[in-house]
Amino acid sequence: MGLTKTDTYSTEIIELSGIIKALGHPARMAIVSYLANTPNCITNDIVEELPLSQATVSQHLRELRNVDLIKGDIEGTSVCYCLNTEKLNKVISYFSEIMKVTDKFKCC
């Protein structure tokens, strides 16, 4: 069986690209920003903050959970969400390293 295009990339790059892709939606960016400022909140808190239905917020939360960017702890009938800072730091480190390299060169 032949290689798929992603087989040539490292596990780290594939993981980071999945996280960045998940962050590519404005609602998900808003959720991440909200969680950064309001740790340990439940879905209804996010629904009250964003102009989206509960079902839509839940779908976006699922996408963020799928790439492990957020964590959720079940508390009774609710899920309490927070950011996975380890994953977020991986993304920040990746772009920081790129900036270190590009700062050395003059751009056209």
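Colleague: Which residues of α2 are buried?

Modeller: In this predicted model, local features need pLDDT of at least 70 and side-chain atom pairs count only at pLDDT 80 or more, whereas totals for chains, interfaces and linings use all residues. Residues are numbered from 1 along each chain as its sequence is written, and side-chain values use heavy atoms, with hydrogens and water left out. A residue is called buried under 20% relative accessible area, exposed over 50%, and partly exposed in between, with a 1.4 Å probe and protein chains only. Helices (H or I, at least four residues) and strands (E, at least two) are DSSP runs, numbered from the N terminus. In α2, the buried residues are Ala27, Arg28, Ile31, Val32, Tyr34 and Leu35.

Colleague: How are the buried residues of α2 arranged when seen down the axis?

Modeller: An α-helix has 3.6 residues a turn, so residues three or four places apart point the same way. The arc is that of the directions from the helix axis to the C-beta atoms. The buried residues of α2 fall within an arc of 160°, so they line one face of the helix. The face turned away from that buried side carries the exposed residues Pro26, Ala36 and Asn37.

Colleague: What covers the buried residues of α2?

Modeller: Contact means heavy atoms within 4.5 Å. The cover of α2 includes α1, β1 (41-42), α3, α4, β2 (70-75) and β3 (78-83).

Colleague: Which residues of α1 are buried?

Modeller: They are Leu16, Ile19 and Ala22. These residues cover an arc of only 125° around the axis, which puts them on the same side of α1. Their cover includes α2 (26-37), α4 (54-66) and α5 (85-102).

Colleague: Is Thr43 buried or exposed?

Modeller: Thr43, in helix α3 (residues 43-49), is buried, with a relative accessible area of 13%. Leaving aside residues up to four places away in sequence, Thr43 touches Gln54, Val57, Ser58, Leu61, Val79 and Tyr81. Asp45 also lies in helix α3, but is partly exposed, at a relative accessible area of 28%.

Colleague: How many disulfides are there?

Modeller: A disulfide is a covalent bond between the sulfur atoms of two cysteines. The rule used here requires a pair of cysteine sulfur atoms within 2.5 Å, and by it the count is zero. Cys80 is in no disulfide, the nearest cysteine sulfur being that of Cys82, 6.8 Å away. Cys80 is buried, with a relative accessible area of 9%. The C-alpha atoms of Cys80 and Asp45 are separated by 9.8 Å, although the two residues are 35 residues apart along the chain.

Colleague: In what order do the elements of the chain run?

Modeller: The chain has five helices and three strands, and from the N terminus on they run α-α-β-α-α-β-β-α.

Colleague: What radius of gyration does the chain have?

Modeller: The radius of gyration is taken over C-alpha atoms, and the globule rule is 2.2 Å times the number of residues to the power 0.38. A compact globule of 108 residues would have a value near 13 Å, but the chain has 17 Å. Of these 108 residues, 27% count as buried.
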